[in-house]
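Here are some notes to read alongside the structure.

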There are 2 protein chains.
Amino acid sequence: MNDNTRSGTGNNLDPWYGNYAARAAGLAASEVRALFAVASRPEVVSLAGGMPFVSGLPQDLVIDAMNRVMSNQGAAALQYGSGQGVPALREQILDVMALEGIKAGVDDVVVTTGSQHALELVSKLFLDPGDVVLSEGPSYVTAVVIFKSYQAEIEHVPMDEHGLIPEALREHINGLKRAGKRIKFLYTIPTFHNPAGVTLSWERRVEILEICRSEGILVLEDNPYGLLYFEEKPPAAIRSLETDGVIYLGTFSKTLAPGFRVGWALAPHAIREKLILANEAAVLSPSSFSQMIISQYLDTADWKGQIDTFRGIYKERKETMLSALTEYLPDLTWTNPNGGFYVWLTLPDYLDSKQMLPRAVTELVAYTPGTAFFADGQGRNNIRLSFCYPTPEQIKLGIRRLTSVINAERDLLESFSATGPLTAIRRDDNYTAPPPNTN
Amino acid sequence: MNDNTRSGTGNNLDPWYGNYAARAAGLAASEVRALFAVASRPEVVSLAGGMPFVSGLPQDLVIDAMNRVMSNQGAAALQYGSGQGVPALREQILDVMALEGIKAGVDDVVVTTGSQHALELVSKLFLDPGDVVLSEGPSYVTAVVIFKSYQAEIEHVPMDEHGLIPEALREHINGLKRAGKRIKFLYTIPTFHNPAGVTLSWERRVEILEICRSEGILVLEDNPYGLLYFEEKPPAAIRSLETDGVIYLGTFSKTLAPGFRVGWALAPHAIREKLILANEAAVLSPSSFSQMIISQYLDTADWKGQIDTFRGIYKERKETMLSALTEYLPDLTWTNPNGGFYVWLTLPDYLDSKQMLPRAVTELVAYTPGTAFFADGQGRNNIRLSFCYPTPEQIKLGIRRLTSVINAERDLLESFSATGPLTAIRRDDNYTAPPPNTN
């Protein structure tokens with residue numbers, strides 16, 4: 001065994017304890033992960049995961065696409081493909097992105113194994129140990145996991161109900177520059193943010209892009225939910241404003257189905273080439289089989305109509321969730337998303353959502369504690385509630401169960417507070433105010 | 001733009017030139033990659049790629065499996081799954097590995113996006129910059145690309161007709177230890193080696209494992225071809241001898257179809273857990289859709305019979321290739337594989353297979369030059385010939401075309417040699433003798 005103990009991973013029962021790369025220390029199990037096992041028990045109402053409601057997709061559409069692919073192009077579907085992705089699908093991806101104001105060339109699209117893998121590849125290409133990634137606070141759990149796995153530091157910039165705050169972004173950049181830090185990119189989910197549920201306004205898109213341009217900071221725009229709006233269409237993508245300074249990530253996981261594992265990156269020309277090489281090194285080529293079925297589906301099914309169907313389903317579920325919150329927890333605050341999958345709930349600041357979770361699971365409701373979405377321990381009194389997968393009836397039941405858990409915690413702490421003020425239980429100094437309730 | 005120019009990647013036309021991670025410098029286009037474009041023209045006989053002959057698989061078997069999955073478990077197939085892979089498939093993978101003498105528990109199998117991705121994940125987990133990976137020389141192209149992309153040094157250990165030479169392995173390890181190098185693992189393809197076509201004997205498997213055990217070196221056993229033998233079954237996998245010191249990689253790409261992108265790692269228990277976390281960070285979960293179709297196929301189709309069919313197809317192709325080599329290029333040497341996809345051809349040492357390639361493509365035959373399989377410039381007078389994809393007729397035609405290219409090069413150099421001895425054109429000092437012709 002090599003005699004190296006510097007990577008804090010592994011333990012004495014692991015004979016390879018001393019052999020892991022330093023970066024492996026950053027790969028810890030996320031709080032969301034542990035929940036998946038719990039939440040999959042049928043009696044638990046899970047408001048935790050981000051699973052789309054795939055039963056809203058008529059399976060005949062998939063079966064038809066599969067059968068057509070196999071009878072017309074079976075050998076190609078079963079074979080290795082291009083490391084950049086199937087050309088016909090890349091053309092169709094341009095049509096999908098056009099719905100969000102993006103004009104691009106087919107050469108700059110790189111198909112990946114879900115947009116998650118695009119995130120991984122971009123991180124592998126850009127992040128040296130100690131580099132800084134700017135991101136909203138809170139941010140997408142598994143993005144934070146990836147950035148840490150490449151030993152980057154995550155700098156959270158606060159949001160309000162209009163999304164990332166430009167002035168705060170400027171301040172953070174200046175502070176990092178003064179500290180001699182090397183900022184590699186801004187990772188942002190501008191539309192129907194996961195987990196915060198807010199959308200970056202058009203004016204701020206322009207302003208944030210200007211800040212990044214003038215500071216030479218690449219923008220990594222992650223947009224899984226943009227087509228799943230409930231009322232008005234959201235503002236066009238940041239990528240619609242800028243070609244060379246933005247890597248845009250898209251996916252079929254939310255508008256079609258995640259089981260195919262097909263997403264994409266639209267990258268500046270020079271970066272695109274390296275992204276393909278990284279993709280080939282990682283998986284040789286994304287699945288031809290999955291890509292060709294999706295291509296066939298886009299070619300022959302009413303995919304825009306199907307997205308409308310999903311919009312209707314998720315709109316109803318969001319409304320159900322917000323009605324239940326208004327009915328049961330009227331004194332708390334939460335965001336009112338105009339699309340996507342998530343509501344961000346703020347508890348009284350003396351409650352700890354992670355500590356409360358085991359009790360919630362006992363009461364047969366699951367959620368994701370807010371700390372999972374920060375790299376630095378923030379979010380202790382926040383909860384992400386997902387309305388994408390459970391039915392409206394389950395959502396109502398879940399919020400009712402959650403309410404009894406929260407109220408029980410409050411009662412418990414109030415009886416303790418007889419011996420001291422509640423304000424003694426407080427956040428630490430770098431606490432950032434959560435986005436206010438906009439409902 | 002950040003002002004960093006240390007990573008030798010990008011160029012002045014790339015506005016992000018200075019921003020790449022140091023590791024991105026290791027991601028260069030492989031020689032095989034450029035060939036894929038050329039070799040896909042229908043008039044070219046490609047002896048270059050490693051594409052299996054998927055037309056040898058009755059498509060009804062796939063269509064039946066798809067339809068059964070969609071009618072019985074459609075919603076699960078379209079959804080996210082476990083980061084470790086579908087449990088039913090992991091059970092079946094145990095049956096596949098049992099054919100090569102491996103006993104294992106279902107908990108230690110991690111399904112990946114092709115075994116390529118398992119290689120990537122293991123490399124991400126273990127390789128710090130400057131670490132050494134031992135591998136056969138030559139070795140699998142895209143393994144070398146991955147190791148370089150994590151800034152590892154690849155140390156090639158020579159082979160002969162019985163595979164990796166234990167005494168040479170000992171010497172390399174001792175030399176590296178003297179030089180203060182940190183060896184992370186031995187990457188080996190013991191059975192039907194890509195590209196060399198040789199198989200590690202049983203005695204050497206035992207001996208090499210002993211060496212690695214005593215030196216505390218992890219073994220990464222890559223076995224895509226083991227079930228595709230032509231005569232006798234090859235020796236059992238190295239993993240059959242050892243549980244804690246071997247990560248074993250398998251795939252359905254060669255025995256079923258690569259278009260699904262489903263492979264796996266069987267890892268020591270402690271490593272397995274980290275591999276799942278790395279898999280989740282990279283792709284959330286491997287494709288449920290692909291995994292469930294394969295699981296259904298294994299459940300209901302005669303998959304062992306199908307492997308027998310493939311064995312017959314590839315055996316005929318190998319025999320055709322060797323007959324053609326014997327007929328047209330009797331003075332050269334080549335390996336005689338008992339399975340897999342590849343023959344390793346050795347040219348006279350004054351020929352350069354990479355320089356010769358454009359002429360070969362002009363003559364409508366493609367191959368992979370030997371230098372692609374080394375990290376250090378070796379292999380200049382070697383060629384990898386693939387017999388997996390072209391029909392026997394194409395193979396015969398391809399070898400005939402290759403012969404005329406080789407003979408023209410020889411004639412050309414012989415006419416030049418009037419002004420000096422041919423031996424003036426020679427390898428550099430660290431040249432390793434290629435495996436001798438064993439036919």
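1. Helices (H or I, at least four residues) and strands (E, at least two) are DSSP runs, numbered from the N terminus. Please keep in mind that this is a predicted model, where local features need pLDDT of at least 70 and side-chain atom pairs count only at pLDDT 80 or more, while totals for chains, interfaces and linings use all residues. Residues are numbered from 1 along each chain as its sequence is written, chains are lettered from A in the order in which they are written, and side-chain values use heavy atoms, with hydrogens and water left out.

2. Which way do the residues of β9(B) point? G263(B) and A265(B) point one way, W264(B) and L266(B) the other way, and all are buried (under 20% relative accessible area; exposed is over 50%, partly exposed in between, with a 1.4 Å probe and protein chains only).

3. Next, have a look at D244(B), in the loop between β7 (218–222) and β8 of chain B. D244(B) is partly exposed, with a relative accessible area of 43%. D244(B) touches P15(A), W16(A), L218(B) and P268(B), not counting residues up to four places away in sequence (contact means heavy atoms within 4.5 Å). From D244(B) to A267(B) is 23 residues in sequence and 7.9 Å in space, C-alpha to C-alpha.

4. Now for the nonpolar cores, each a set of buried Ala, Val, Leu, Ile, Met, Phe, Trp, Tyr and Cys residues joined through side-chain atoms within 4.5 Å. The largest has 158 residues, and L385(A) and L385(B) have the most contacts inside it. Leaving aside neighbours within four places in sequence, the contacts of L385(B) include L47(B), M321(B), F341(B) and I399(B). A second, separate core has 81 residues, among them V110(A), L125(A), A281(A) and V122(B).
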